[in-house]
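Dear colleague,

Please find below the structure that I am handing over to you, together with its sequence. A summary of the findings follows.

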Amino acid sequence: MIVNSLSLCYHNKLILAPMVRVGTLPMRLLALDYGADIVYCEELIDLKMIQCKRVVNEVLSTVDFVAPDDRVVFRTCEREQNRVVFQMGTSDAERALAVARLVENDVAGIDVNMGCPKEYSTKILSTLVKGTRRPVTCKIRILPSLEDTLSLVKRIERTGIAAIAVHGRKREERPQHPVSCEVIKAIADTVSIPVIANGGSHDHIQRYSDIEDFRQATAASSVMVARAAMWNPSIFLKEGLRPLEEVMQKYIRYAVQYDNHYTNTKYCLCQMLREQLESPQGRLLHAAQSSREICEAFGLGAFYEETTQELDAQRAKLSARTSEETREPAEDTSGVIKMAVKFDRRAYSAQITPKMCLLEWCRREKLPQPMYETVQRPVDRLFSSIVTVAEQKYQSTLWDKSKKLAEQAAAIVCLRSQGLPEGRLGEENPSLHKRKREAPDQDCGGSRAQELAQPGELCKKPFVALGSDEESPLEGW
C-alpha cells in the first residue's frame, strides 16, 4: 500500500468547486488571489486523461497534460500545486488509479465525482486511497431518503478517504430548488471525516459573510462555492466583493499569460457579466473571436500585445537553446537529404498525397515500403519526420504541427530529390493514372478526364487504381 501524503487539510477551508468549463487555470488562480484555500479543477473524464502525455511547458512555466490531438486537457502551475485538487469522472477503478498516478506529482489531492453514486464507486475510492500518494476525496449529491444517504456516506468513509463534499440537492434537483442544509448537517454528525458543504450559492451565499453562515447551518467543516464564485471570484475576499470590471480584467490577464483558449475565456466572462450581456461591453465580448479581441473589448489591447511578444520571445529563446539537441532524431542522421519544404493541403489533389505517390513509386520499382521515423520537439510540440527509401533518408528542415504533416513533408523531399511527381494540382502522374486511362468504363468526360481535375471537377471514382492483389494506398493516407 502507498502511504498518502495528507498535507492538504479540509478543516475550515474556503473551496472553489469543480465547474465544467469554468474551473480552468485562470479561474483557479483568480480564486486563490481572492482568498480561496483550495481550488478544484473542472471534472475531467478518465478516458480522456489516460491518453494524455505530461509535458513541461517552459514558455508558460506550466505542466500540461496534452491529448494525442495536441489539445491541452489539463494545465497547472507551481503556484497552485499545493492547493489544487484534480477531479475526475470515472467508472473504472484501475483506470482511475492510472489517471491519479499520472497527475499526482502536480496536484495536492484527487477527487472523484460521485454525483450519482453506483455500486462500483466505493471500490474506486478504495483503490485510489491504497494506490496514490495524495489525499482522496469524493463529491456526492444526497439520495432520495436520509437513511440511504447516511448509509452511503458510512460506506464511503470506510474506504479511507480524507473528506467528502456534499451537494445538498438530489440528482434531479436544480439550483432553484432549496438546498437541504439539514441533510448535510446529519451527514456531518454521522461521519468523522471532514464534510464540505456545497450548493448554497442560490439561497445562501451572496457575500463573504454568508459563507460562514452556510457552514454553521450545515455544521460542515468547510464550504465549497460554485455559482457565486463563477459570478464573482472575489466572493472569497474577507474585505468584500470587488467591482466586476476589476475582477474580469484580472481574469483576462491570467487567461492571456497562460494561453487559455479564447472560447473558454469568453465563456467564463459571459458567466460573470450575466445580466450585463446586452451592455455595450457585453456586445463587444459576444462579438469577439480571439483573445486579442477580448482584450480590446476590455481596454487591454496593449497588455495583449506586450504579453504575446514576451511569450514569442521566450519561445524563440528556448527554441534557439534547444535547437542543437532537438533538431534531429537521436540516431546518427549523417547522409540525410534535406530540403525546407512543407505540405500545404491546398496545393494538392484531395485524392492524391505525396505519401501515396511515394508508396506507389516504391511498389512500381519493387522497393521496400517507405519507413517513417517521427519525433516531437518538447519546447513547442512540433514534429519532424525522416523517411527511409532504398536505404537513403530524407527530411524536411521545417517542423510541423502534426505527425501526419511532417511525414508528408518528408515524402515531398524524397520525391523532389528523385524528380518524381508528388500529386500537386495540375501535375501529371503517369504512375497513378495508368489504370484509369486503360479503363474506358471509368471515363467521366473524355480525354480531359485523363488529367487531374481542377477543384469542383473531380470524378466520382478514385484516380488511384492498383492490381487486384494490391492494397489501395488510399487507406490510412
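**The largest cavity**

The largest cavity has a volume of about 40 Å³. Please note that the model is a predicted one. The structure holds one cavity of 30 Å³ or more.

Eight positions may be inspected here: the lining of the largest cavity is made up of I252, A255, V256, N260, T265, S291, I294 and C295. Two elements, α9 (244-257) and α12 (291-297), each give two or more residues to this lining. By residue class, the lining of the largest cavity comprises five nonpolar and three polar residues, and no charged ones.

**The three-stranded sheet**

Turning to the strands, three of them form an open sheet in the order β4-β5-β6, and their pairing is antiparallel. The edges of the sheet are taken by β4 (53-57) and β6 (72-77), each of which pairs on one side only. On average, and with direction ignored, neighbouring strands of this sheet are turned by 25° against each other.

Strand β5 covers residues 62-66, runs antiparallel to β4 and is joined to β4 by five bridges. Within this pairing, V55 has D64 of β5 as its bridge partner.

**A helix across the sheet**

Helix α1, which spans residues 25-33, lies across β5 and β6. The angle at which α1 runs to β6 is about 25°.

With kind regards

Methods: Residues numbered from 1 in each chain as written. Predicted model: local features only at pLDDT ≥ 70, side-chain atom pairs only at ≥ 80, totals over all residues. Heavy atoms only, no water. 1 Å grid on protein atoms, 1.4 Å probe; cavity = no way out; pocket = protein on both sides within 12 Å on 5 of 7 lines; lining within 4 Å. Points joined across faces, edges and corners; volume = space filled by probe spheres on them. Helix = DSSP H or I, 4+ residues; strand = E, 2+ residues; numbered from the N terminus. Nonpolar A, V, L, I, M, F, W, Y, C, P; charged D, E, K, R; others polar. Pairing = 2+ DSSP bridges. Axes fitted to C-alpha atoms, helices over the stretch in contact; angles between N-to-C directions. Contact = heavy atoms within 4.5 Å.
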